[in-house]
Each structure stands twice: as C-alpha cells, then as structure tokens.
Amino acid sequence: MTDSPANDEREDLQNAFSRRRFLQTLGAAAAVSAAPAIANANAKTSEAEKITIPPATPLGEVKNFGPGEVDVKLKINGIVRTLRIEPRVTLLDALRDRLDMTGAKKVCDRGGCGACTIIMNGNLMYSCMLLAVECQGAEIETIEGIAPEGEFSTVSSAFAKCDALQCGFCTPGFVMTITHHLRNEKNPTMESVKQSCRGNLCRCGTYNRIFDAALLAATGGAGLPNTTEKK
Amino acid sequence: MTKKNYDREETLKLGFAGNVVEKKVKLADDQAKPWDLDTKFQYAGKHIPRFDGLAKASGRAKYSYDMNFPGMLHARIVRANIPNGKITDIDVSGAEAIPGVKATMLLKKVGDRVRFDGEGVAAVCATNLEIAEDAMRAVVVTYEKMAHAVIVDDASKDGAPIVDKGDTNKSPESVNINPREVSEDEINKRFAAADAKVEATYRTQVQTHSALETHGGVAKWDKDSSGNPTLTVWASTQGSFSVLDGLCGNLKLDRSQVEVICEYMGGGFGAKFGADQPTLVAANLAKKAGAPVKCMLNRKEEHLAGGNRPDSIHHVRAGATDGKIVVFDVTNYGTGGYTGGAGARNIMIYDMGASRKVEYAVKTNCGPATAMRAPGHPQGSFVLEQVVDELAEKLNMDPIEFRLKNDRYPMRKAQYEKAMELIDWSRRNKKGGEGALAGTGPKKRGLGVGASTWGQNGNRDGTAMAVIINADGGVEVRNGCQDIGTGTRTIIGICAAEALGCPLENMKVRLGHTRDPYGPASGGSVTAPTVTAAAKDAGHAAKLAFLDKISKKLSVDAAKLDISLGKVFVKDDPAKSWNWHDACKLLGVETVEVTKERSDNFRANFSGQVGGVQIAEVEVDTETGVVRVIKVVAVHDAGLVIDRLTFESQILGGVIQGMSFALFENRVMDRKSGKMLNNNLESYKIPGSLDMPEIVTVAFDISNGHNSAGVAGLGEPTVIPTAGAIANAIANATGVRVRSLPMTPDKVLAALAAKGGSR
C-alpha cells in the first residue's frame, strides 16, 4: 500500500478520469515521452538544452476517437491534409504510410532512436510516440518541409559536404535535430551540438562528422557546394 | 570471340613512401595500365562528397522500406512465443475473418519444431499495418512445449535440453595445429618452458547487427506484354543478385521474370544476404492477394530473428621467450543460436611460434547467427591483443616494441609510428595504473593498442559495368550491386570518370537494379576492390569506343586521340583539343554504350594483406567503474584511396562500432523464459553522441597492384582491433584486466576489487 497516493491526491485523480481529461493527459504524457529521450548513460541536461514540455495539444473539432476510422486534419509543412484513419495510428505511420512522406524513418517505433524526429509547434518530437489525432491543430514540420523542392537546406548540404552519413537511415532524424538546435541556439558549440543530438542514434558510426556538419551549418554554410539538386 | 593476347607488359611501382617495389604485369591489348604510385589522378584520393549524400540528407532517397504503391498491403509475421517446442495447431481463421485482411500463409506446419522465441510461424497481410497487427494477434498457435537452453553454459551441460536435432548441442571439435608437424606434446613443452606465460579465460558477448533499416522488402507482381507474370522486389539487401536467385528458386520463376531493386539501403553489417523470410513473405503474399505487399521486420523481430554475432569463451595458454611469442594454445566455443556455427578468429597477425586451436560450437534456443562485419575477428582480436599485451607486460617490454618483434609486415610498422605520434604514445603509463597519465585521483587514464589485418582484393566473378555516354555530355555507369552505405556508388563514379577522362560532375551511377550488369554481394569487404577495378576497366573501354566514334567525325585517327581533364586532344598536338561537351555533341543522335567485364587480379603485387593499427586512450572512473573512451587514433590502409572522405568514414564507423562492442552491446537472454530481455534500442545499448571520443582517422596510402585499380577492401578490418585496444588501455589505466565483453562498470569494479580496491 505504500505506493498509494494520499487521499487528497486520490480525489484529484478521480476527477482526472473524464474522457476529455484523459486525452489531455495523454497529449501531455505523449509529449513528454516524445521529447528527445536520453539515449546515453552519460547524458546530462545542460542549461541551454532543457527539455521544454509543450502543453497538451488542443483537440480541435474532433468529438469522437473511434473505435473505427475518424477524420484527422494535420497541418504539415504549412499544408492541411485530411486523413481518414483509426485513432491508434501514429503520426509516423500517418506520414509514411498515408501521406508517402518517407523522410522520417521507422526504426524502433518506441521513442528510442530519433530516426522519426520531426518538429511540432517548434518542439523536437519523436513522431512514433505521437498519435496523429493528437497532432491536429499543431504546426508539424518534417524534413520534406525544410527546403523548397529542388533545393537543399544548409544543414542537409553541410551533412553531404562533411560526409555526415553512411547508410543514411538515421540522417533525416539527425538533420531535423540539428536544424532545431541551430534555430534555437544562438552560439552553438561542439558541446551544445553533442547535447542536442543525444536523442538520436546512428548505427554506422558517423557521429563525429555529424558534429562537424552542425558546426559548419552554424556558420551559415558559407562555401557549401551542392545546393541544387543534380537530376 | 578472339582469344585475348596478354603479351603486353607494364612495370608497376607499388608499395608506399619509403618502401617501393617494382613489379611487372601482363596486360591484354585493350587494357589500360593499372593504377600505381606513378599515376597522376584528377579525382582519386581527394575528399569528394558522396554522390547520394544530398538525397540521403534531405530525406528524398527512397529506401526499400519507403516504397509505397496504390493498394499496397502490409504484412506481419506471427512468431513463436516459446523458445523450444512442437507446433500442435495453427489456426488462422480468426485472422482471416477480420475485415481488411487479404491473405495469410503458413511458414510452419503442424508437427514442425520451433527452436527459438521469435521463429516465424505464419504471416498475414492487410490493407494497413494496424489491421495486419490485429490479424497477427488473432492467429492462434498451440505448442507442445519443450525444455530449452539459451546460454552456452546451460546448453553444453550433460543432460541439457536438446535445442534442435540429434543427441547433443555441441558440434564436433576441430583441432588445428600450426605448423602442422608440431605435436601436441611440443605445444605443452613450449608453454612449460616459456619465460613469460599467460593463462586465462576470455568471454565475448552476443551482438546483434541492429541495422537501422530492418530486414524485408516490398513485392509487386505485374504482367509482361505476353501476359506472363513478372515480379519486382525492392529489398533491403547487401546482395541484390543473391535475393534475385532466392526469389527465382522460391517462386519457380526464371531470371527474366524477376527484378530486384535496392537503390538505397539502411545498413546490413553482414545480416542481409539472400532472399530472407520477410522478403519471401512479401512476394508470396503479394501473389496470393493480388496486390503489392510490404513486409518489413519491426525492431523486436530484428533483434530476435535478424541475425547476430556469436559469443565466445576462449581458454588461452600463451608463452613468450626472448621477446618472441613461442606458443599460443586456445580452446574456443560459443553459440550461433539454434543453427550452431560460432567460430572466432584469432588472426595470426603475429608470428605465434607454434599454435593449437581447438574449437566447437554449442547450439542454443536463440535466433541464428549470421555473418557480422569481420565474422569471428573482433572477438578473436579482443583475446589475442590482450594476450600479446600481457606477455609484453611480463617481459617488461613496451607493447608496441613487442608487437613489432613478432610482426613481419612492413606497413604496420609505419602505421604504428604514425599512430604513436598522433596519440603521443610516450605518455603511456610504464606500469599499469601507475604513472603521470593514470594520475593519483579516482579517474585514471591509460593507452592501449590493437592491430588489424584483412586481405580482400576483389574478384572477377562476372562483375561488369555498363557505361553510357550521351551527346549532352552526361555519362552514366550502371551496375546491379548495392551501396550499403560505404560509398560504393561514389567510388564507382570516381574510377569511371578517372579512366574515361570526363568531368566528375557529368558522371551518374545507377546501382541496385538486377537488370543491369552483375555486381558482387557486399560481404568480406569484396565490393570496393571488385567494382573499382570494373569501373576503371569499363571507363577505359568507354573511352576507346567514344574516341573511335568521334574520330570519324574529326577525321583524326582514333589511336592519336586521348581524353584527360575533361578534354579530348590529339596526343602529338595537345593544342588541338575539344572540351568534353563539344566532343560529346559530335555523337549527334548516337550514344556510346559499352559493357565491359572486370579484368582478372594480378599475381605480381605488393602485399597479400592490408594492415591497420588503432590506439585508444581511456579514462576509467575507479569509483563507479565507468569507462570513457577519450581518443582513438586509427591508421588503416586498403590499397589506393579512391575517395578519402568515404574512406575516412569507413574507419570512423569501424572504430565506433568496435567501441560499441567493447563497452555497450550485449544481447541479454532470460534463462528461465528463454526470451531476449532487451529487444529494443534503449536497453540494447549502442553509443550515442555523448559517448563519442575524439577519433583521428588516417587513410594510409598504398599501391598494391592486386587489380587494375589497386584497391583493397576496408570495411571489415576497421572494426577488428578496437575492443582489444580499449581493453589494453583499461589495463594501462588501472593495472587490472577486464577479460569479458562488454566491459561494463560492474566488470571493471569486480576486476578492481579482485586486485584489492579502487585505488
């Protein structure tokens, strides 16, 4: 019985179990777990890299969440897309399987590797840890949206220039993480870069070149070649 | 077919600065001179960004996992949830009743044995992944359970449960004695008489490949113009043509009916050869359901059934006298899962005097081992490098001085010198745990070394390249092999452009379509030395064909023309020249298309092996047992360096994976339930950004003369010596040896405690 909450807390808990409150809590809980997880034994959060927990996602117009398919409106890279999917579909599966936006990769499907990293309302998130229904009303940014068609973002170009990739399967996730870091950190350093991508795993073993690419991109990528697509 | 005349002879300058030899090779009339130390390169050897870097870094590269088609179905595999037993019933009716489920298939039948938790039993496909998962859960399989054994110690005991067939889990012992005339008695005598002796047991763990793109593929059936079925499969594979063969065999199709495509693949590390179960499931269910099917494993399945590196237990006796190793006697066994096969390789980098190796494998109720980057070598090297270090220690010799006394290979000597300079080897503690580097605080630093070798120079084996030159100046090279992330696409392009003389920016390379000419499966570090020579040969053939075609329009004898630095010119009047684009325009409506088979390897060459030396600096917290790698210097050669950037990335990857093997990775099996406990990526540890040391990679140039490009394989040797180097650095920092991988804090603390406390 030592694990039971105190009586006053228990009352709060019962109040909390309305359907709506449950979903709001789910939103917050999912957001917490979707924030970059600490993948390393040695990880520590620096002052500059404190994880901000976004507020519960607004639920918009949707009244019912299944069972069965529901209409889900997602604003991705500035464009609203409507999907008819079950509420259990993750944002990652919505992107990859329904919208053919396959830049975000499915690797662990449980918030352990960062290959599916996207930016939502300015926060770095694991799209495998979000349900698509709870992302309605949010500004979702995927790797497909960080550069106009036929062009490449400074970060992507820096990755290519530094050979900050081998098989490339973790790369879009790292590119999103570094993009987010450089937007939010005015004075990026080797240490801040390492801290920023502690929630992304690379298997081929190319981290050190990712750090180099991030620092190159931070300089504005002056002199970066290959900024237009070679068809 | 006219028989080729090999009367032409060329002299090659081979080796490296300070160690150059001249060798003569015989060449065919139409063969260009092989690349050697005298070759002046326009591109090769520079830092060149990989051709597909931007496609990958922008998320636009389409991997097999990313292929989507209208009406495509998603498949899931039903897997055994017990480690050992017999199937008494499989009922798929519940799955088939679910709306959206389109087809099911059995992978096992009633009465079949399952031999590990996670073995495939049936498969289902449905209109989306969520329904497919429902269907997977609705398949009811019942078993007659049998006792299991999931670790070597349990499976090798007398009376242990039988894992698969037969009456024992142990394979017969193999005994190898080298040199052959040495008797077992002599081995024992040599050990007894040695000045310095090591007798110890070493353990290495089971490691899973954990490629980020899981196994599997997408299958799509169509009909050709005569109405015959055709099959296209996008596979995540290291062997596009071996997948092709597997599909043809499984589905009774001929090669003309099947194409395998793998333009991009998310890592394999040895586990992705042949048509694997999910790929065959995709093809079979697609046929049954009449729609394209995607079947990719999830992360848990990948750990359970996607392959692994076997563990090893080594019992070693070794001795040295007068600074020379005189005997190395090892018994090694381990488990490759239910299929057995668990060899470890204690590569004979060093002259061992006399050696005896006794080896056997023990079957366990675990997923089958597959080849993993330098199969057998990292585990063998972890043992060998520590043994060699301990012998040096006992002889009061510097470990590198001792190694050089027992290593005849000239290149490694030069590599040791380079590495020692880059890490400042003079800082090394003269005695383990004592010295300025170790310091007096609880965090102690030390340096350790490991050496590597490999010997892969590629094969002819029917590898060919197609080169197409268009009137717009564009050049395309095509080969059906795959780029597993090593940069194969890029080094093919560089070699072809170098041989042809066209500007590199005009070069495109199409890989991973099996309707293009044959290329090798990426195993044994065979790809680079095979395809670079092929690309050079084909680039040269394309040049001859191109010059022949345009010579008529220029009214100049083709033999008088040459191409270099993006210009076509008259050899005896170089002022008379045409830039690449103008020359290509002369083709008009024509194209030049050449398919050329790779030339044979040469017998005259510099060295049969490649070298490699790594030195690690570590910091051991003697209070917590945590080991941090501070810096690694890695010097590797692999013949001619084609792209220095991707060459260095290969070394970087080898070091990081080697460090991961040394400190983090470990498949944990629960003996009671027979299940893998850490079948994910958060508790199956691979290092992250904060674990990264400074890594200095040195691409050590050499001209080896083995093939027309002079290129050797690099992928595997880079991963071999890291764990041994780190183990030796830990010993140098602390004065204690950790003889079990991964070298986690508990083991470090236990070793310190055995020695008498943390300081």
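User: At what angle do helix H4 (residues 154–162) of chain A and helix H7 (residues 207–218) of chain A pack, and how far apart are their axes?

Analyst: Please keep in mind throughout that this is a predicted model. In chain A, helix H4 (residues 154–162) and helix H7 (residues 207–218) pack with their axes 8 Å apart and at an angle of about 135 degrees. The crossing in which H4(A) passes H7(A) is right-handed.

User: Which residues make that contact, and how do they divide by class?

Analyst: On the side of H4(A) the contact is made by Thr154(A), Val155(A), Ala158(A), Phe159(A), Lys161(A) and Cys162(A), and on the side of H7(A) by Arg209(A), Ile210(A), Asp212(A), Ala213(A), Leu216(A) and Ala217(A). Sorted by class, the contact of H4(A) with H7(A) has eight nonpolar residues, one polar residue and three charged ones.

User: Moving to chain B, how are helix H12 (residues 488–500) and helix H13 (residues 527–554) set against each other?

Analyst: Helix H12 (residues 488–500) of chain B packs on helix H13 (residues 527–554) of chain B at an angle of about 30 degrees, and their axes are 7 Å apart. Angles under 35 degrees count as roughly parallel, and H12(B) and H13(B) are therefore roughly parallel to each other. H12(B) passes H13(B) in a right-handed crossing. Among the residues that meet are Ile491(B), Ile492(B) and Cys495(B) in H12(B), and Val531(B), Ala535(B) and Gly539(B) in H13(B). The contact of H12(B) with H13(B) divides into ten nonpolar, five polar and two charged residues.

User: What is the arrangement of helix H15 (residues 644–663) of chain B and H16(B)?

Analyst: Helix H15 (residues 644–663) of chain B and H16(B) pack at about 55 degrees, with 8 Å between their axes, and H15(B) and H16(B) are therefore oblique to each other. The crossing of H15(B) past H16(B) is right-handed. H15(B) contributes Gly654(B), Val655(B), Gly658(B), Met659(B), Phe661(B), Ala662(B) and Leu663(B) to the contact, while H16(B) contributes Thr722(B), Ala723(B) and Ile726(B). By class, the contact of H15(B) with H16(B) has seven nonpolar and three polar residues, and no charged residues.

User: How many cavities of 30 Å³ or more does the structure hold, and which residues line the largest cavity?

Analyst: The structure holds seven cavities of 30 Å³ or more, and about 70 Å³ of space lies in the largest cavity. Residues that line the largest cavity include Phe116(B), Asp117(B), His303(B), Arg667(B) and Met676(B). By class, this lining has five nonpolar, four polar and two charged residues.

User: Finally, where does the backbone have a cis peptide bond, or a positive phi in a residue other than glycine?

Analyst: For a cis peptide bond one reads omega, and the bond from Asn178(B) to Pro179(B) is cis, with omega near -10 degrees; Pro179(B) lies in the loop between strand E9 (174–178) and helix H5 (184–193) of chain B. The peptide bond from Leu741(B) to Pro742(B) is also cis, with omega near -10 degrees, and Pro742(B) lies in the loop between helix H16 (722–734) and helix H17 (745–755) of chain B. In chain A, Asp163(A) is a residue other than glycine with a positive phi, near 55 degrees, and Asp163(A) is placed in the loop between H4 and helix H5 (171–184) of chain A.

Note on methods. Residues numbered from 1 in each chain as written. Chains lettered and ligands numbered in written order. Predicted model: local features only at pLDDT ≥ 70, side-chain atom pairs only at ≥ 80, totals over all residues. Heavy atoms only, no water. Axes fitted to C-alpha atoms, helices over the stretch in contact; angles between N-to-C directions. Helix = DSSP H or I, 4+ residues; strand = E, 2+ residues; numbered from the N terminus. Left-handed = near helix turned anticlockwise from the far one by under 90°. Contact = heavy atoms within 4.5 Å. Nonpolar A, V, L, I, M, F, W, Y, C, P; charged D, E, K, R; others polar. Parallel < 35°, antiparallel > 145°, perpendicular 65-115°, else oblique. 1 Å grid on protein atoms, 1.4 Å probe; cavity = no way out; pocket = protein on both sides within 12 Å on 5 of 7 lines; lining within 4 Å. Points joined across faces, edges and corners; volume = space filled by probe spheres on them.
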